[in-house]
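Please consider the sequence and the three-dimensional structure shown below.

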Amino acid sequence: MESRLASGEIVHWYEENGVVRVTQLRAKTGEVTKFPDAPQLGMCFDVLGRDLWQVVYSHWEKERDRRRGTRWSFQRQGAR
């Protein structure tokens, strides 16, 4: 997966058994930082910064919910 900020920063990541793993960061300058061991997203907070970290986390949540077909607590099964 790929998540990006409007400023041009891009993070490449994937999910494995419910854990987000980061593989690469492309800074707005074009500099690429690779993470060969694919650390967990939580371990990358200092490198990514708050904004980019939050974008990746939000993207992952949306994808997870879409795949699960999550119903919000206020929705009822069979509601008309």
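The structure is a predicted model, in which local features need pLDDT of at least 70 and side-chain atom pairs count only at pLDDT 80 or more, while totals for chains, interfaces and linings use all residues. Residues are numbered from 1 along each chain as its sequence is written, and side-chain values use heavy atoms, with hydrogens and water left out.

Helices (H or I, at least four residues) and strands (E, at least two) are DSSP runs, numbered from the N terminus. Two strands are said to pair if DSSP finds at least two bridges between them. In general, strands of a sheet pair through backbone hydrogen bonds, either parallel or antiparallel. Here, 4 strands form an open sheet in the order β1-β2-β3-β4, and the pairing is antiparallel. Strands β1 (2–4) and β4 (32–34) lie at the edges, each pairing on one side only. Neighbouring strands are turned by 30 degrees against each other on average, direction ignored; axes are lines fitted to C-alpha atoms, for helices over the stretch in contact, and angles run from 0 to 180 degrees between N-to-C directions. Strand β3 (residues 19–26) is joined to the antiparallel β4 by 3 bridges, and Leu 25 stands opposite Thr 33 in β4.

Helix α2 (residues 50–68) packs on this sheet, where it touches β1, β2 (10–16) and β3, and its direction makes about 40 degrees with that of β2. Contact means heavy atoms within 4.5 Å. Which residues of α2 are buried? They are Leu 52, Trp 53, Val 56, Trp 60 and Glu 63, where buried means under 20% relative accessible area, exposed over 50%, and partly exposed in between (1.4 Å probe, protein chains only). Because these residues cover an arc of only 105 degrees around the axis, they lie on the same side of α2; the arc is that of the directions from the helix axis to the C-beta atoms. On the other side of α2, Arg 50, Asp 51, Lys 62 and Arg 66 are exposed. The buried residues of α2 pack against β1, β2, β3 and α1 (45–48).

A nonpolar core is a set of buried Ala, Val, Leu, Ile, Met, Phe, Trp, Tyr and Cys residues joined through side-chain atoms within 4.5 Å. The largest has 14 residues, of which Val 11, Leu 41 and Leu 48 touch the most other members. Two or more residues come from each of β2, β3 and α2, and α2 gives the most, with 4 residues. Beyond its neighbours within four places in sequence, Val 11 is in contact with residues including Val 22, Leu 25, Leu 48, Leu 52 and Val 56.
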